[in-house]
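User: I have a structure open and would like to go through some of it. Can we start with how the chains meet?

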Amino acid sequence: MTAKHALRFGALGYLALLLLLPVGLVFYRTFEHGFHPAWAAVTNPQAQHALWLTLIIAAIAVPANTLFGVVLAIALVRHRFPGRGLVNAVVDLPLALSPVVVGLALYLLYGTGGWLGGLAGHGIKILFALPGMTLATIFVSLPFVVREVVPVLREIGTDQEQAAETLGAAPFTTFRRITLPAIRWAVGYGVVLTTARAIGEFGAVSIVSGRIEGKTETLPLYVQSQFEGFNTTGAFAACVVLALIALATVLAMRMFRPNDASLAMPFGGRGGSAGTAVLTRFGRRKGYGAESNVVKEEA
Amino acid sequence: MGITVVEVTKKFGDFVALDDVSVAIPEGSLTALLGPSGSGKSTLLRVIAGLEEPDGGQVLLGDDDVTHQPARARGVGMVFQHYAAFKHMTVWENVAFGLKVRKRPKPEIANRVHELLELVQLEGLAKRYPAQLSGGQRQRMALARALAVDPEVLLLDEPFGALDARVRKELRAWLRRLHDEVHVTTIIVTHDQEEAMEVAGQIVVINQGRVEQVGTPRELYDSPANEFVMSFVGPVNKIGDTFVRPRDISLSLEPDGESTEAMVERVVHLGFEVRAELVRDDGQHLLAQLTQEEAQALELERGLIVYVKPSRQTVFTR
Amino acid sequence: MATSAAVPVSRPGAVLGRAGGGLARGIAVGYLSLIVLVPLAALVWSSRSQGLHTFWHEVTKPEASSALKLTLGVSVLVAAFNAVTGTAIAWVLVRDSFPGKGIVNAVIDLPFALPTVVAGLVLLELYGPSSPFGVDVAFQRTGLVLALLFVTLPFVVRAVQPVLLELDREMEEAAESLGAGRLAVFRRIVFPNLLPAILSGVALAFARAVGEFGSVVLISGNIPFKTEVSSVYIAGQIESGNPAGAAAVSVLLLLISLGVLLAIGAFRHWRTRHDR
C-alpha cells in the first residue's frame, strides 16, 4: 500500500466513522421495527406542532435575512460609509458566537428588567413565545446570504451597472435587470444555508423558548425532550426528518455550486483569487474556482 | 550532456500526445522544439525532464537510461512558461532552493546565488518577492534558479510566451549570449518559428505528436521536408500543388513568356521590407516580399498591373 | 476574497442611486443593530452593571472556571486535530481520484447542514451505551471531543481545499526538477502556501468548538468539573435563575469570538502578503 492509498483510506475511514456510520445507524434504528412506528412518532400532535412551529419560524427568518442580506451586501460592497468596517465585522459575529450566548443576550434584553422587558407589560410577549424564537433564529442565520452575495458582487464589479446607467436605466431598473440576475445563484445558495440553519437551530432557541411542550417546542427541541423522556423512537424519527432536510440541503448546495470546494465556508472562504489564471494542461486542471461560477451565472 | 529520445509514446486518455518520437540532441547545442499548440512539444520536454512518464520508449541523458527516474534525480534545470516562481520566497531564496535541498554549505550557496543573480542582472532585487517583479525579471529569476544547480541539461518550456513582444526579443538575444557563455545543452519549446530560428542552432519540428523534420534553421527554410514544415516555418503561397515563398516571387512591369498578369491589391511598408498583396486573373491571391528599393523601382501602388513569376518553387510528392 | 480588505469601490450610489444608497445603508445598519448589536449590548451592560467585582466573582467560581478551562482545553485539542485531518482530507479530495469522490466531497458539508442536536444524538447512538461496536464514550470527555470533531469537521477542509486547487502545480514541478524529494516539496513549497488557510480554518473550528452547545448537550452528560463546558454551564445558570453568572461567562465567550474574528482577519492579511 502506497502512501497515497494510506492517506486516501485514512481520510475516508475517518469520514465514515465520524459522519456516515452515525447518521446511517440512526436511519437504521428508526426503521428497525418497520415504517409504522416511525410514522406514528412523527405524526403525533406534539411532533406535528413542533414541525409546524419550526417551519413558521423558518418562513419568517429566511425571507427577512434574504431581503436584508442582499441590501446589506450591496451596502458593504458598493458604498463607503462611516462604520462600514464595524458592520462588516458584526455580520461575521453570529458565525463565531455561541448560540447560548445569543439566547442569553435576547433573554436579558427582553426579560424582566431588560431594556425592552417592558414590552411584555403591554401585551407584547417576546420571550418564551414565537417572536423571541424567531429573533434568535434570525440572529444565528443572519450572515449566510450576506456572505454569499458579497464576493459575487465584488467579482462582477460595477462595469455592467455603469453600462446600464449610461444606456439610461434608472437605478432600480439597473438593480433589477443587471445586478439581481448576476447574484441570483449566490442568493439562492445563501437561502439554502439560511434555511438549514434556521430549521436546525437549537441552543439559542432553547434558551429563549422556555421549552413549553406543545407550545414553544421546535423540532430540534422536540428531539431532545423525547430523548430525555426515553421515547427514543420519537427522537429518532424526528432526527430522521431533520437529517433528510439536511441531506436535501447538501444536495441543493451541490446543485447550486457543483464544483466549488469552499461551499458553506463562512467569511467568504472561497479561495477567492478570481483573477488567477487557470492554466490548463491535459487532465490536470479544470476550470474550478470563482471564475467558473461567474460564467455559469451569466449563462 | 547529449539527450537521446528513443521511440517515445505518450497518451492522455485517448489523445496521443507523442507518437513514436525519436530525437537526438547533441551535447552543448541549443535546440528548439517547434510546433503548433497541442502538437506534443511540451509533453516531449516534460518527458525529458521526468515530469511525465512515457507509455513506451526510452530517454537517455548521456549514456544513462533515465526513463524511469523521477525528475529530482535527473539533474535537469527547468524553466516554465508561467515562471513557477516560489511566491512565498524572495528572489534570493528562490535561486538558493536547489542548493538548499542538496544541503550545500551556506557560504557556497551564498557565493553561487550571488554569482547567478549577477549573471541575470537581478543583484539589486535579491530581497524582493516574485509578485514585486516584472514578467521579464521573474523569468530571469527562474532561469537563475534552474542554472544554480549546475544542470547537465537546461529545459525551457515556452519561457517567453507570457511576456510582451519587446521584452521577449531582449530575452531571446540574452539567452543566445548566455548559451554561448555557459554551453549547457539546452532545449527550448516554442510555437513561434521566428523565435526558434533566432535562438536555436537546431530545430525539431513537431506536429500531431510526430517529428516532421530536424535541421538547422536554414535547412528548414530552404529545404523543408514537407508541406507542414514549409508553411509552418514561414509565410508561403500555395499555387495548385506548388509552394512559393513570398521572397521568391519576382515582379516586373513587362510580361515575359512564363509570367502571369496580376493586380496589386494592397502594399504594406514594414520599414526595409515591403509586402505586396496581389490577385491574379484567375482569382489566385499571392503575397510577394520585396526590398524597399525594388518596390520603388516598380512604383508599386494599389491598382498597378504587374507580371509575376516564381523564381524558386517547391513541389512535395505525396 | 478578503471581505475586510480594501477594494476599489466605484463612486457611491452605483446600484441604488444616491438617495437609494443612503436608504440601503440605513436599513442595513438598522437591521443589524436591532438583531445583533442591541441584544449583545444588553448582555454586556447586564454583566457590567453588577460591577467588576461580581463579574470576577462569577467567572472565578470553581464550576465556572473549571467549565471554561475544559472548554478551552478541548477546543484547542479539537482545532489542532482538525489542522491535520482537515488538511489530509482536503489533500485527498483535491489531489487523489477515486470513484465516489463527488459524494464524499458533498458529505463534508453534512455537519454544516445537520442540526447540532441531531449530530449529538447520532453520535450517542453509535458511540454510547447502546453502541453496536461496544464503544461507550458517553458522559466522558472523549464523547465531548467526538461531538466537537463532528461539528467542526468542514472548517479546515473547506478553507484548505480552494487554496490547494489553485496552488500552482508548476511550483511543485519546479521544486522537483531542482532536486527536492516529495517530503521537501510538501514542507518547503506546499505547506507554506497552505498555512494561512489552515490557520483560518483552525480558528473557525476553535470558535465553533468554544461555543458549541447542541451536539455536546446529550453526549457529554454535563457533569460539573468533568464534562460540563461553558455553553452548557451558561444554560444551566439561566435555568437555575442566576443570569448574572450566565452573563459573566457569556461576555468572556463573546470576547473569545471577537478575538477569533480578529485572528482570521490577520491570517487573511498574511495570506496575501506576497501579493502586495
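User: How many salt bridges are there across the interface of chain C and chain A?
Analyst: The rule finds 2 there, a salt bridge being a side-chain nitrogen of Lys or Arg within 4 Å of a carboxyl oxygen of Asp or Glu. This is a predicted model, where local features need pLDDT of at least 70, side-chain atom pairs count only at pLDDT 80 or more, and totals for chains, interfaces and linings use all residues. Residues are numbered from 1 along each chain as its sequence is written, chains are lettered from A in the order in which they are written, and side-chain values use heavy atoms, with hydrogens and water left out.

User: Which residue forms a salt bridge with E125(C)?
Analyst: R29(A) does, and the closest N and O atoms are 2.2 Å apart.

User: What kinds of residues make up the side of chain C that touches chain A?
Analyst: That side has 74 nonpolar, 18 polar and 13 charged residues. Ala, Val, Leu, Ile, Met, Phe, Trp, Tyr, Cys and Pro count as nonpolar, Asp, Glu, Lys and Arg as charged, and the others, Gly among them, as polar.

User: And how much area do chain C and chain A bury between them?
Analyst: About 9600 Å², with 75% of it on carbon and sulfur atoms. Buried area is the accessible area (1.4 Å probe) that two parts lose on being put together, summed over both.

User: Switching to chain B: which residue stands opposite H285(B)?
Analyst: V279(B) does, with H285(B) lying in β16(B). Strands here are DSSP runs of E, at least two residues, numbered from the N terminus. β15(B) and β16(B) run antiparallel and are joined by 7 bridges; two strands pair if DSSP finds at least two bridges between them.

Note on methods:
Helices (H or I, at least four residues) and strands (E, at least two) are DSSP runs, numbered from the N terminus.
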